Amino acid sequence: MSEHDSIQKSSSPANTDSLAADLTTLGLQAGMTVIVHSSLSRLGWVNGGAVAVILALETVLGPSGTLVMPTHSSDLSDPADWQDPPVPEAWWQIIRDTMPAYEPDLTPTRGMGVIPETFRKCQSVRRSTHPQMSFAAWGANAEFVTAHHALNYGLGEGSPLARLYDLDAWVLLLGVGHGNNTSLHLAEYRATWPSKHTVQLGTSMLVDGQPAWVNFPDIGIDTSDFETIGEAFNQSGHVCQGTVGIGSALFFRQRPLVDFAAEWMSTHRK
């Protein structure tokens, strides 16, 4: 949605206070640990943009709460796998040899939206070390969530997603659906289905302080059924639905989602 469309669809500008009130009505409370997926434009016209949304979330959570967002940098990947758009095969090795290494304070997000990109730059925010699948966190449990993010199987048991599961955290979808819900990836690691397989990925990262191309294993992830799984979970009685700004919002605990999705994948994926 363009800014013009956001203005046309909003009866009045949203702001930090109004967003905080909407979040409180939805069920967000002080002291919670929550991972947020978001689309700023779908919330309507927000005075202060991404900054106002972040401040509203932090205001409601308070100093005892924890705010987490995905800050993935999928462009730090093997160019042989790029499809949108692909690059000529003659470029592949040149790209591998010259790709800047991942640096948490420098490397931008890709495809995450303006709210996570703004959030990851805040001085009080910690960002995990995975060069492709990082997460950023603020608050009481920020270090626990982001520390020791494993390179291998980066959305599995050694990831911030698993640490959120340990904390019985919440998931908040602001203006987006389950297709953006990274916690469903944790379910993929825990589920079993006939075509589940391992792939080899590559990235540029610092090794002993020097940039290096590193290969590592992961599972072949598949988001094609995430919306279907999410729609089924929405009917489970675990999901609070509401509005933040003018955008739809879904709010629920992560554990029931992951458990539900892992069973669903094991049953329905072929």
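At what angle do helix α9 and helix α10 pack, and how far apart are their axes?

## Packing of α9 and α10

In this predicted model, helix α9 (residues 226-234) packs against helix α10 (residues 254-268) at an angle of about 120 degrees, with their axes 10 Å apart. Axes are lines fitted to C-alpha atoms, for helices over the stretch in contact, and angles run from 0 to 180 degrees between N-to-C directions. The two helices, α9 and α10, are therefore oblique to each other; angles under 35 degrees count as roughly parallel, over 145 as roughly antiparallel, 65 to 115 as roughly perpendicular and the rest as oblique. The crossing of α9 and α10 is right-handed.

From α9, the contact (heavy atoms within 4.5 Å) involves Phe226, Thr228, Ile229, Ala232 and Phe233, and from α10 Pro256, Leu257, Phe260, Ala261, Trp264 and Met265. These residues comprise 10 nonpolar, 1 polar and no charged. Ala, Val, Leu, Ile, Met, Phe, Trp, Tyr, Cys and Pro count as nonpolar, Asp, Glu, Lys and Arg as charged, and the others, Gly among them, as polar.

## Packing of α2 and α3

Helix α2 (residues 16-26) and helix α3 (residues 49-61) pack at an angle of about 50 degrees, and their axes are 8 Å apart. The pair α2 and α3 is therefore oblique. In the contact, Thr16, Leu19, Ala20, Leu23 and Thr24 of α2 meet Ala52, Val53, Leu55, Ala56, Leu57 and Val60 of α3. By class, the contact of α2 with α3 has 9 nonpolar, 2 polar and no charged residues.

## The largest pocket

The lining contains 14 nonpolar, 18 polar and 6 charged residues.

## Backbone features in loops

The peptide bond from Asp84 to Pro85 is cis, with omega near 0 degrees. Pro85 lies in the loop between β2 (66-70) and α4 (92-98). His148, in the loop between α6 (142-146) and α7 (160-166), has a positive phi, near 60 degrees.

## Basis of the description

Helices (H or I, at least four residues) and strands (E, at least two) are DSSP runs, numbered from the N terminus. Residues are numbered from 1 along each chain as its sequence is written, and side-chain values use heavy atoms, with hydrogens and water left out. Local features need pLDDT of at least 70, side-chain atom pairs count only at pLDDT 80 or more, and totals for chains, interfaces and linings use all residues.

Key: Left-handed = near helix turned anticlockwise from the far one by under 90°.
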